[in-house]
Amino acid sequence: SAAAIKQDMPLFLDQEIFQIAKEQHVRAESYMVYNVLSSGEIECSNTLEDEYDTELPGQAHIYCLARQHIYSVLLESGRDIHGAYPVVKEWFVCAGNSLQQPDLVQPRQLPGGTPSLRTLWLSRGPEAEKRRCCTFLACFQLQDVAEELQALRASVAAVCSLL
């Protein structure tokens, strides 16, 4: 089938990293990561938004730039010869979105450059941990408050990053 062929031809070119993502997917971990790497498509069919409160922007809009940065990390090895990233098709439930067609989202490189997923996932040691933390913060444009966030417990820092 066409879907099976599509799955066999990932957007992500590093086969070892793709295999790790696939194994995590099979274990019901990181299914969104696998979907982006394998098909360049992602869906989020649930939301906690109040459809009657039109003054508050939806989470799909609030976190769009963060997702663009995350896509750049995930698809770094899939860039073409001109340095362009593949476009990600997003199917996100939000007020006013009929889901007739996906939003086409262009990944955006992180300020200061985007590290490879191989480096982020497979490197070990204190420098690797620091790089992972800095990359996470950069995805949410929080690199300027890194010192303050690192003083907090990891779980508290994660919640603060999302807020």
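Let's start with Leu110: its relative accessibility is 4%, so it counts as buried, where buried means under 20% relative accessible area, exposed over 50% and partly exposed in between, with a 1.4 Å probe and protein chains only. Before I go on, this is a predicted model, so a quick word on ground rules. Local features need pLDDT of at least 70, side-chain atom pairs count only at pLDDT 80 or more, and totals for chains, interfaces and linings use all residues. Numbering runs from 1 along each chain as its sequence is written, and side-chain values use heavy atoms, with hydrogens and water left out.

Back to Leu110. You'll find Leu110 in the loop between strand 3 and helix 6; helices (H or I, at least four residues) and strands (E, at least two) are DSSP runs, numbered from the N terminus. What does Leu110 touch, not counting residues up to four places away in sequence? The list is His69, Ser72, Val73, Pro115, Thr135, Ala138 and Cys139, and contact here means heavy atoms within 4.5 Å. Take Val73: 37 residues separate Val73 from Leu110 in sequence, and the C-alpha to C-alpha distance is 8.1 Å.

Okay, zooming out. The protein has nine helices and three strands, and from the N terminus the order is α-α-α-β-α-α-β-β-α-α-α-α. There are 163 residues, and 31% of them count as buried. Among contacts with a separation of 6 or more, 58% come from residues 24 or more positions apart.

Now the strands. Strand 1, residues 41–44, pairs with strand 2 in the parallel sense over four bridges; for two strands to pair, DSSP has to find at least two bridges between them. Glu43 has Trp91 as its bridge partner in strand 2. Strand 3, residues 103–105, runs antiparallel to strand 2, and three bridges join them. There, Lys89 stands opposite Leu104.

Arg67 is in helix 5, residues 64–74. Is Arg67 buried or exposed? Buried, because its relative accessible area is 10%.

Helix 5 also turns up in the largest pocket, where it gives the largest share of the lining, six residues. A pocket, on a 1 Å grid over the protein atoms alone, is an open set of points where a 1.4 Å probe fits, with protein on both sides within 12 Å along at least five of seven lines; lining residues have an atom within 4 Å of a point. The lining has 24 residues, with Val33, Ala66, Ile70, Phe136 and Phe140 nearest the centre. Helix 3 (31–39), strand 1, helix 6 (117–122) and helix 7 (126–139) are among the elements that each supply at least two lining residues.
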